[in-house]
Amino acid sequence: MGSVSSNSQVNSQLLEKGQYGDNLYKNVVENLKEGIWIGKKNRTLTTLYWNKGAEKISGFKKSELKGKNLLNIVPGLQQIMEDITDKPQNKKKRRINLERYIYNYGKGRKEPLYLNIQASFLTGEKMIVVIFEDITEKAEMEQDIIQQNQKLSALNQIGHTVNQTLELNTVLNTSLDKILEVMNCESGGIYIREAKESEYLVLRVTKGLSPGFLNKFQKIRIGAGLMGKGLANHQAVI
């Protein structure tokens with residue numbers, strides 16, 4: 001009796017013989033999550049290839065690229081071409097890497113993407129291959145960690161100040177500095193109740209506030225304005 005080969009065995013044998021090589025390569029490249037653009041450089045940049053990953057990241061289909069300004073559509077291409085043009089002829093790079101490139105041009109997207117991009121020049125710089133990877137989720141997670149660490153550092157510094165002194169102005173000034181640092185703000189102030197049963201708040205410490213603001217808002221009534229309403233309702237108002 002003759003032996004029967006499974007489909008996987010047959011496919012493996014054909015692959016080893018190179019009969020599936022081209023189709024397999026095309027399928028792998030086409031379905032990568034990374035975006036791939038291959039262009040030809042003449043007077044203009046002509047698209048030779050644009051995979052599904054590039055469509056997903058940019059929002060542009062292959063059919064939409066015809067007649068478009070590819071310097072804007074292909075992530076990082078404008079900066080890549082500027083970098084290669086600025087180099088003296090004997091110092092030009094054949095490969096350029098852009099880390100944490102912010103891509104704002106994507107179709108149908110309001111928020112920018114963070115990308116890692118690698119570009120290679122081929123055949124005497126007549127062709128260019130650009131590979132771009134979406135790292136937005138990773139970049140945002142790292143940013144969240146940085147912000148959390150900044151908040152913890154600010155709280156620790158405020159706690160350290162309280163342990164060192166109970167002098168109110170020192171504690172409030174330290175607190176204000178750290179809050180502005182965490183919130184990436186240049187100016188602000190801290191109000192405290194004028195007296196124990198008072199309906200008014202007075203501006204006790206400030207940083208960077210204009211004289212006009214100080215004159216107008218040196219004292220506010222609890223329940224009036226955003227700051228007064230926030231205190232009256234025991235809620236943060238942004």
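## Pockets and a helix pair

Me: Which elements each supply at least two residues of the lining of the second largest pocket?
Reply: Keep in mind that this is a predicted model. The lining of that pocket includes Lys52, Gly53, Lys56 and Ile57, along with Glu133 and Asp134. The elements that each give at least two residues are helix 3 (52–58) and strand 5 (127–134).

Me: Where does the largest share of that pocket's lining come from?
Reply: Asn31, Leu32, Lys33 and Glu34 are among the residues lining the second largest pocket, but look at the elements too. With 4 residues, the largest share belongs to helix 3.

Me: How many residues of the second largest pocket's lining are charged?
Reply: The pocket holds about 210 Å³ of space. Its lining has Lys33, Glu34 and Lys52 in it, among others. Split by class, there are 2 nonpolar and 2 polar residues, and the charged ones number 6.

Me: And the largest pocket, how many charged residues does its lining have?
Reply: About 720 Å³ of space lies in this one, and 22 residues line it. Sorted by class, 17 of them are nonpolar and 5 are polar, while the number of charged residues is none.

Me: Which residues lie nearest the centre of the largest pocket?
Reply: Helix 7, strand 6 (188–193), strand 7 (200–207) and helix 9 (225–232) each bring at least two residues to the lining. Out of the 22 lining residues, the ones nearest the centre are Met183, Gly189, Tyr191, Met227 and Val237.

Me: Helix 7 also packs against helix 6, so are the two roughly parallel or antiparallel?
Reply: Helix 6 spans residues 136–164 and helix 7 spans residues 168–183. Their axes sit 9 Å apart, at an angle of about 175°. Angles over 145 degrees count as roughly antiparallel. The angle therefore makes helix 6, relative to helix 7, roughly antiparallel.

Me: What classes do the residues of that contact divide into?
Reply: Helix 6 brings Gln150, Lys151, Ala154, Gln157, Ile158, Thr161 and Val162 to the contact. From helix 7 come Thr170, Val171, Thr174, Ser175, Lys178 and Val182. Put together, the residues divide into 5 nonpolar, 6 polar and 2 charged.

Me: Stepping back, what percentage of the protein's residues count as buried?
Reply: The protein has 9 helices and 8 strands. Among contacts with a separation of 6 or more, 37% join residues 24 or more positions apart. Of the 238 residues, the share that counts as buried is 27%.

Key
Residues are numbered from 1 along each chain as its sequence is written. This is a predicted model: local features need pLDDT of at least 70, side-chain atom pairs count only at pLDDT 80 or more; totals for chains, interfaces and linings use all residues. Side-chain values use heavy atoms; hydrogens and water are left out. Axes are lines fitted to C-alpha atoms, for helices over the stretch in contact, and angles run from 0 to 180 degrees between N-to-C directions. Angles under 35 degrees count as roughly parallel, over 145 as roughly antiparallel, 65 to 115 as roughly perpendicular and the rest as oblique. Contact means heavy atoms within 4.5 Å. Ala, Val, Leu, Ile, Met, Phe, Trp, Tyr, Cys and Pro count as nonpolar, Asp, Glu, Lys and Arg as charged, and the others, Gly among them, as polar. On a 1 Å grid over the protein atoms alone, a cavity is a set of points where a 1.4 Å probe fits but cannot get out, and a pocket is an open set with protein on both sides within 12 Å along at least five of seven lines; lining residues have an atom within 4 Å of a point. Grid points are joined across faces, edges and corners, and a volume is the space filled by probe spheres set on the points. Buried means under 20% relative accessible area, exposed over 50%, partly exposed in between (1.4 Å probe, protein chains only).
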